[in-house]
Amino acid sequence: MSEHHEVASKEKYGMVIDLDKCTGCGACTVACLSENNHYVREDESDKLHSVTWMKVYKVTNGAPFPNTKVAFLPRPCMHCDHHTPCVSVCPVMATDYNPLTGIVSQIYTRCIGCRYCVGACPYHARYFNWWDPVWPEGMHKLLNPDMSPRMRGVVEKCSFCNHRQQKAKDKAYVEGRKELKDGEYVTACAEACPTRAITFGNMKDPESAIAKLIKSPRAFRLLEKLGTEPKVYYLSSESWIRELADNALGRKKTGGLA
Amino acid sequence: MSEEHATSGGREGGHKQAGGGLGMLAAGFVVAIVVGWLLYPAIVMSSKPQPINFNHKVHGAEGAGLACDGCHTFREDGSFTGIPRLDNCIQCHESAQGESPDEAKLVEQYVTPNKEIPWLSYSYQPLCVFFSHAAHVKMAQLECTTCHEDMSKSSSSPPVKVYRISGYSKDTMSMEECEDCHAKKGTSNACFVCHK
Amino acid sequence: MDRAWIPEGVQRCSAGAFFSWMALWLFVLGAAVSTALLILWKGLNQTNMNDYFGFGAWITVDLGVIALGAGAFFSGFLTYVVRVKELKALINFAVIIGFICYSSALLILTLDIGQPLRGWFGYWFPNIHSMLTEVIFCITLYFTVLTIEYVPLILENRKIYANPVAHTLSHNFHEAMAIFAAIGTFLSFFHQGSLGGMYGVMYARPFAFREGFFVWPWTFFLFIFSAISTGPTFTVLITMILQKVTKKRLVPRESLSVLAKIAGWLLCGYVIAKTVDTYYWATQLLPEKGLTFAEQYQAPYSMWLPCVEIGLCGVIPAIILIIRRLRENDKWLVLACALASIGVVLNRFIFTVQTLAIPVYPFDKWYTYFPSWQEWVTSLAVIAYGALIISLSYRYLPVFPYERDLNPPAR
Amino acid sequence: MKLDRRGFLKFAVGGAIGTLATPIPWDMIDESAKFTDLWAPEPAKGPSSFVHSTCRLCPGGCGITLRLVEDKSGRDEWRGWHHKEFIDRRRLPAVPLRAVKIAGNPEHPINQGGICPLGAAGLQLLYGTNRITTPLKRTKPRGEGEAAWEKITWDEALNIVTGKLKEIREAGNPHTVACVLDNKKGLTAELIDRFFRAYGSPNVIAMPSQEDVETVGLSLMQGTGGHLAYDMENSKYVLSFGAALLEGWGAPVHNMIVFGKWQEANEHTLVQIEPNCSITASKADKWLAVKPGTEAALALGMANVIVTEGLYDHSSVARCQGFEGFKALLESEYDPRKVSEITGIPANVIANTARAFAVTRPAVAVYGRGQGVMSGNLAEFMSIYSLNALVGSIGAKGGVVVQREVPFSSWPALATDAVAQQGLSQPRIDGEGGEIKHGVSMAHNLTAALKSGAVNALVVHEANPCYALPGANKFEEAAAKVPFVVALTSCMNETARSADIILPVASYLERLEDVTSAARVPYASMSLTRPVLANVPEARHPGDVFLTLAKAMGGSVGSSLPWDNFEALLKEKVGGIFASRRGRIGDQEVAMLGSPDELWEGLNAGKCWYEDPVFGGGGLTFSPQGRTPRLEPVSWMKASREFPMLLVAYENINIANRRAVDTLPYLTKNIDNIVLQKHDLLVRVNPETAGRLRLLEGDAATVQCPAGRLSVRVHMDVGMMPDVIGIPLGLGHSNDDPFLTGKGVNAYEVLEPELDPVTGLAVWWGTRAKLIKV
């Protein structure tokens, strides 16, 4: 997938999540659910069958009472910038890397549901539709026309609310602009976050808030050793959280809660 | 059945080869062609009449002198209105202007009860598609006629042919057409340019 | 009543016995088919797969049978290309086994995808970067080859053969068999490899990821290696079983020994290669990702897996097969072949399931997967299906050229 | 030529070849794939628009922006043929206008664009499966099997209600009518209160709240009323005694916005004092794991350090009374070493925290427990509040202030006839006022009152006492003793299920109403919820319902509530704000506005009126009525052999607890599987404690309490204090909502109210318990 970098584009969208600010309230998840036409099943406690594009992982430093601490790790799709694991494996090109925006797509009407990408993604950002999508009587009224609901038997994932980018572009076009201004296109999760922990924007625009944040010394990414170059950055001043972000030799694996 | 019969049957066949055999082959072929090209479309597609037989000609250059974007406009948020809403028609057709039966129908069935006209779209795109008129018309400066047929000449709106199974219109532009043009123009064919 | 259809000069059980035997398997198959329909109607929620275990029993079975089916192309290769004449005796049977394995693999694959009606996208919109595409194409093509190799045998059925068209057809086929064998070999090498490649390229999954040569990770070659070394053992195994069931010698013993011997030496090579690979992976690849070998094995997917896979089902059968005295002894031969066959299936299971069981996040948990009854039933159907094809072929087709000589009609 | 087998074969072959030369096979393959696209529904397209409103799902009062989609109908009628099932799923009924998204309103001062999960899911209330669509009348008497309902018209429903009320009033017993509502904030509540006073009943009772204690404490120590609020944004050192600042206490989003700003400024310290590792405790700079219920002692211990080391703000203390007595008390009973024994916090930690708190200005001590839906004891409040006096934070910037009242025009004088006066002179059924008199509801006494038969009719307005009162199940039994129960609610809930008449009220997205002063926010604010769209056309505004009732009652009741509808009342009230010329709306000074209509329009455009607090050092009396805030130990907190452990309720922002709505479907995705698994609730227990009881992760267990038993599962949580069981509030519903009913257990059923000796209020955020492995 090295050809990504040869394309000259003024845009590359990314996300920064400040874990010092995140309180794990889950507003991002709900905003995502309602923005992206997710249906809800009566029992969602089986998390291995629960579609949450924006999943909030709960982690702990594992220290005994009263030194225990918990923290939260909101996890959208990382939109890996290099050797995007899911893109290279899909047999039918149902997912691709958009060189213009850096966004990794998923096309539900093309996907055959082989789930190879689900296995290839180390971030568990990809979900399969095990059931037919059903909305209780009346609930379908809140479906967002900009987003296509997924049918049973296909894989889905966070799209960085690409449809919002499409709409923002349209607006810019009728106003005679080609480029978007910072903040003109933000994801539903970033828009909702009550502590303003999520910053979304064009990393190639030096003036954008995100371009500054990713340079922060607190910045890190998940599983960097894999070399997938995620476009989702995290900020934390807590060393134990930063340590949980990647595997390291001689460190015991703990911290998972939910 | 016994062995002999089967083998003799085989020889029989051998003799027949030259004659009716080929005829049957041809007959089968012809029947298939007829069914496939003439009968099949009528079966697989339903033909839906438009609620009103709209006359683009009288509205267009040679008539009322409206350009396409006189009625097919963009909204502030960049989205394209597509088929105009009733209020758009009302601007001129508050009451009948001429004698055309269709106009009469428009006034009494839709304008007066203020009911939206259930127009059928010839170029309906499925939900998974995001087609940006802004990008094509405003940015790329394409003519409407590049994709749509020149309506300024058409004086009637023929019924819409709809695939019974998929609900696609016969005139729905196929992805291949989009891709070819994008390729020619050097525009990206990445999925998320046109899909949602 | 079906006398006329049975090859001349061979002994077959009574029609009654045969049909009741068939009925038994048909019942099993029927159960499986109705389960399959249930799954197609209700969707994959009928399985125990989930968003962590996107692959499960079905993929394991697919990979397993394809590996075991490798006996077909490899003995074909030995017979027609290398011209090991002893193998002429069981090449037909090897082809049938291959046919069974590959057809069932394709059937299960269709069941496994969430959108079977879109299955053809795989051919129409292929992504050349995906190992799975390589798999889909090679398997389909090779399955066609197998069919072409199987058809002449069917045409040789006494009754059908009487038909002149069939006669000439099968004759010409036989002429071309060498070419098909060659093509088959080529294709098989590729898809056996690309199946391994499927896992080797999952470079964000440290358990499966391997570095490699050009676009192919080591697993590509390991899978070929394991397939050609265990496939033949499976052919031998099934032949032995068939001989037991029919209480007849169907192929000359030396033919089996020859194939077993070749398999044995290949298995030795494979075991060494696999050990080297594992060592390199444990000492090089894993540490690079900040992981240790020990971390990769946790109950229930703990150390016993590699021990059984490489030790019990690799080293031991290899030794048995290369030692002449043991190889010549039926009991040892069956044991060795059985172990080797189990070994390769276990290997495919490990790559399929354990790869996904291991949490990549340091803060994630281990999950375990156990197939639902629907998955079991549909998977076991392969056996019933195989039994049916073999029974039919054995009864009505001249599968074993030497059967008549080996079992002279009793005076 | 005769068509023999062979001939037919040829024909077929020819046909097959021919077919390949037609579109049939290719088209069919293509269509079969497109057919699978229909397995998902297609939302109707149409132009979108955005409207601003206010959220009232909790006391936070956030500004929200709704995205509406105008449905370009018609298309759905010509969908092609497909399988029935797919038609249903694909062809969605066209609706003229639908709301598809709720986001935070960036213009609104309270939440500044942020939104909480509940608020973001609000549309699932509007379109909920659990909505009540018409007035309902119970067909079978209560207690006789499953409740069954008959749909009736509004006229019928209101006739029945007025008839009943008239009957009781004419019998001269207006005081035997009681009304329960969630809280008394806002004009609707005031209107209802006014209705009942005009009717002659003093018994308008609000559900318990932490604010009850504060109200009493405030009147005692400062002689004022009103709502306490904290200027945290400007505070440099926040000492929170158990308030779930980041988990739904006060105005949740406002707090989180402030927290976000703290993290950026990096010059604020948050110290969280509570027994268990909550989210707030984890995000705080420091967490002091205090023994449950000893917060007061800890506060006094800190006061001791501040006083003895002379670190207190002398000018502030000079403004206070009773300092000497307070000082004496501290020195005699609360030196850090002794406090350390009581609270389990090391003496030096107490001292250091106290010093840091005293020297960092401005600093504020926050009294609270969880989200604040449970009342506590007075001593605790007084001790903690006293700390604010010591560091000069009473009424100061960055300290604690009393929210200013929204300057609504005042209510006209109430006309009461003889019956009303006679009724109002009766004592309140909840025995309001304990040892001292105060105007706070004591809902925990309702159960007894209803049992005693003192109540002839009960009106419940948007509250759910049958679920959310201590000993909830007992309340349900008691309610069964009341001859006539009316419930006003927009969704079916436990209380509605035990009513005789259910009146469907409009949801907050369907009605025009004031949201007055977001809880705990230092400045007064007011913005409107707006009738964005009517999903349930039958549902009515509760204000209008009571205005209609008043008219029907006629006489002095009618004349006390003369407004045609709630909007008229609201508009009149808003006039008062204009007249006061106080505050600003959006970026405009009210004083600059030309007419009240401008203000009215602004509010109806979703703008928020707000007014900055007036700061100014205030004082208090440390020992009101000679009562020093001595820690009054709660008896149930003493471990016994029978109940060696303590069950402490906690709240989860994703489990709506006693909000205007129960947990919405989207939120169920956010509930961890260490809180809820299938239908089982998991309690949090320290691994060490669990180990002692031979309990493993996920084991089934029974929580045995004096008031009853709950069957649960166990989650081992290192963050829990040993011998304390943490149980979430808000689960265990039986409200017919498929997404909620039967999930987990209702902790309210076992919570044991203990009366505060001074206020008579219930202290009931926990209870003694025993955990038994099953």
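Mentor: A salt bridge is a side-chain nitrogen of Lys or Arg within 4 Å of a carboxyl oxygen of Asp or Glu, and between chain B and chain A the count of salt bridges is zero. This is a predicted model, in which local features need pLDDT of at least 70 and side-chain atom pairs count only at pLDDT 80 or more, while totals for chains, interfaces and linings use all residues. Residues are numbered from 1 along each chain as its sequence is written, chains are lettered from A and ligands numbered from 1 in the order in which they are written, and side-chain values use heavy atoms, with hydrogens and water left out.

Trainee: What else describes the contact between chain B and chain A?

Mentor: Contact (heavy atoms within 4.5 Å) takes in 21 residues from chain B and 29 residues from chain A. The buried area, which is the accessible area (1.4 Å probe) that two parts lose on being put together, summed over both, is about 2000 Å² here, with carbon and sulfur atoms giving 68% of it. On the side of chain B, Met139(B), Phe192(B) and Lys196(B) supply 37% of the area buried against chain A, more than any other three residues.

Trainee: How many residue pairs are in polar contact between chain B and chain A?

Mentor: There are seven, with both residues at pLDDT 80 or more; a polar contact is a pair of N or O atoms within 3.5 Å, and within protein one must be able to donate a hydrogen and the other to accept it, while residues adjacent in sequence count only if both atoms are side-chain atoms.

Trainee: What makes the meeting of Lys21(A) and Glu264(D) a salt bridge?

Mentor: The side chains of Lys21(A) and Glu264(D) meet at 2.3 Å, N to O, and this value is within the limit, so the pair qualifies. Between chain D and chain A the count is six salt bridges, and helix α9 (residues 252–265) of chain D gives the most to the side of chain D that touches chain A, with seven residues. Helices (H or I, at least four residues) and strands (E, at least two) are DSSP runs, numbered from the N terminus.

Trainee: How many residues are in contact between chain D and chain A, and what area is buried?

Mentor: Here 75 residues of chain D are in contact with 70 residues of chain A, and about 5700 Å² is buried, of which carbon and sulfur atoms give 62%. In chain D, Lys101(D), Tyr666(D) and Lys669(D) lose the most area to chain A, together 14% of what that side buries.

Trainee: Why is strand β3 (residues 97–104) of chain D called largely enclosed?

Mentor: Buried means under 20% relative accessible area (exposed is over 50%, partly exposed in between; 1.4 Å probe, protein chains only), and seven of the eight residues of β3(D) are buried, so the rest of the structure largely encloses this strand. Helix α1 (residues 27–35) of chain A has nine of its nine residues buried, and therefore it too is largely enclosed; among them are Cys28(A), Val30(A) and Leu33(A).
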